[in-house]
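Please look over the sequence and the model below before reading on. The briefing is meant for someone who has not seen this structure before.

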Amino acid sequence: MRATLPFAFVTGLAATALAAAPAGAPRVPGAPSCPIFPASNAFNRHVDRLPVARDSTRLIATIGASTGLHPDFGSVYGIPYAVVGRHTHRSSVSFDYADESDPGPYPIPPRPPIESGSDRHLLLVDRDACRLYELFAAQHTAQGWHAGSGAIWNLRSNRLRPKGWTSADAAGLPILPGLARYDEAARGAIRHALRFTVPRTRRAFIAPARHFASSDSDPSLPPMGLRVRLKASFDLSGYPRQARIVLVALKRYGMILADNGSPWYVTGAPDHRWNDDALHAISRVHGSDLEVIDTGPGS
């Protein structure tokens with residue numbers, strides 16, 4: 001679900017004051033020379049030592065304190081991505097929200113992996129240029145490629161979207177760096193924040209988000225870009241390995257509110273090697289086990 005509005009209102013906390021970054025940035029298979037943004041990027045920073053926001057209890061209650069987390073990914077579902085290169089054919093794309101979209105062209109292969117369902121995200125990593133191309137509501141028509149919105153990211157830069165601009169996500173964020181990926185789990189750790197959704201958001205955003213998707217100014221509603229983490233005291237014993245790896249990431253890096261959707265839906269990339277039963281254990285974690293992080297002054 002999304003609403004694109006002509007300008008944005010910034011309020012609350014900023015991710016610019018997050019704690020020190022880990023030594024290295026994540027990378028995806030097939031593009032080993034390209035970081036998924038610098039180690040200093042908001043997605044890649046530890047947040048386990050940052051203070052709890054004063055309005056944490058209220059915000060958690062609004063989203064759903066008794067609602068369980070839901071892994072919105074697994075062996076056959078999630079948001080896929082593809083690695084392309086300099087020889088991949090470039091295509092022009094028309095947009096519904098052309099004034100907030102990067103014109104391209106986009107390196108779309110003949111049979112690109114498009115997310116199933118209504119959002120139809122299409123994510124492409126150019127391993128040669130270290131660029132990330134993301135489309136929302138992508139479809140190939142008789143006239144060519146069309147999408148709701150699109151964004152192109154330099155994977156070696158922390159540059160954000162212009163203030164007030166959407167991306168392929170309602171919050172104006174990149175999608176790929178917030179996905180739980182099996183290759184990370186297989187190595188034993190997810191070293192970045194994850195992406196999540198809630199049903200209702202505020203007409204506001206906090207960095208690194210750049211866009212809101214609501215007309216409601218109720219302060220009990222979360223702004224886009226809100227960052228939450230799993231409480232340090234939460235006991236991980238008894239959780240299957242794959243679920244535990246996700247939950248450790250939620251303690252260390254947290255997750256960032258990126259779009260309107262179902263409550264506490266945590267996003268990942270599909271992979272047949274995910275164990276769906278193991279991931280389902282994440283649903284035993286409830287909103288009350290999370291806390292909103294105070295990431296710093298507004299920007």
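The notes below begin with the whole chain and then turn to single features.

This is a predicted model, in which local features need pLDDT of at least 70 and side-chain atom pairs count only at pLDDT 80 or more, while totals for chains, interfaces and linings use all residues. Residues are numbered from 1 along each chain as its sequence is written, and side-chain values use heavy atoms, with hydrogens and water left out. The secondary structure of the protein comes to four helices and 15 strands, where helices (H or I, at least four residues) and strands (E, at least two) are DSSP runs numbered from the N terminus.

**Overall form**

- The radius of gyration, taken over C-alpha atoms, is 18 Å, close to the 19 Å that the globule rule (2.2 Å times the number of residues to the power 0.38) gives for 299 residues, so the protein is as compact as a globular protein of that length.
- Taken along the principal axes, the box filled by the C-alpha atoms is roughly 50 × 40 × 35 Å.
- Of the 299 residues, 57% are buried, where buried means under 20% relative accessible area, exposed means over 50%, and partly exposed lies in between (1.4 Å probe, protein chains only).
- The accessible surface comes to about 12,200 Å², of which 50% belongs to carbon and sulfur atoms; these areas come from the Shrake-Rupley method with a 1.4 Å probe, and for residues only the protein chains shown count as cover.
- Among contacts (heavy atoms within 4.5 Å) between residues at least 6 apart in sequence, 73% join residues at least 24 apart.

**Helix α1**

- Helix α1 spans residues 56–63, and within this helix Ser56, Leu59, Ile60 and Ile63 are buried.
- Seen down the axis of α1, these buried residues fall within an arc of 100°, so they line one face of the helix; the arc is that of the directions from the helix axis to the C-beta atoms.
- An α-helix has 3.6 residues a turn, so residues three or four places apart point the same way.
- The cover over the buried residues of α1 includes β11 (194–198) and β15 (290–292).
- After α1 comes Gly64, whose phi is positive, near 140°.

**The disulfide**

- The count comes to one disulfide, a disulfide being a pair of cysteine sulfur atoms within 2.5 Å.
- The disulfide is formed by Cys34 and Cys130, whose sulfur atoms are 2.1 Å apart.
- Cys34 lies in the segment before α1 and Cys130 in the loop between β6 (122–126) and β7 (131–136), so the pair ties together parts that are 96 residues apart in sequence.
- The torsion about the S-S bond of Cys34 and Cys130 is about -85°, so this disulfide is left-handed.
- Cys34 counts as buried because its relative accessibility is 1%, and Cys130 counts as buried at 3%.

- His146 lies in strand β9 (residues 144–147), and its side chain makes a polar contact with the side chain of Ser94 (2.7 Å).
- A polar contact is a pair of N or O atoms within 3.5 Å; within protein, one must be able to donate a hydrogen and the other to accept it, and residues adjacent in sequence count only if both atoms are side-chain atoms.
- Leaving aside neighbours within four places in sequence, the residues in contact with His146 include Val93, Phe95, Asp96 and Ala137.
- Gly172 is placed in the loop between β10 (149–154) and α2 (182–187) and, at 2% relative accessibility, counts as buried.
- Not counting residues up to four places away in sequence, Gly172 touches several residues, among them Trp153, Trp165, Arg210 and His211.

**Backbone features**

- Most residues other than glycine have a negative phi, and most peptide bonds are trans.
- A cis peptide bond with omega of about 15° joins Gly104 and Pro105, and Pro105 is found in the loop between β4 (93–95) and β5 (106–107).
- Another cis peptide bond, with omega of about 10°, joins Ala207 and Pro208, and Pro208 is placed in the loop between β11 and β12 (227–230).
- Arg120, in the loop between β5 and β6, has a positive phi near 50° and counts as partly exposed at 31% relative accessibility.
- Ala137, in the loop between β7 and β8 (139–141), has a positive phi of about 55° although it is not a glycine, and is partly exposed with a relative accessible area of 21%.
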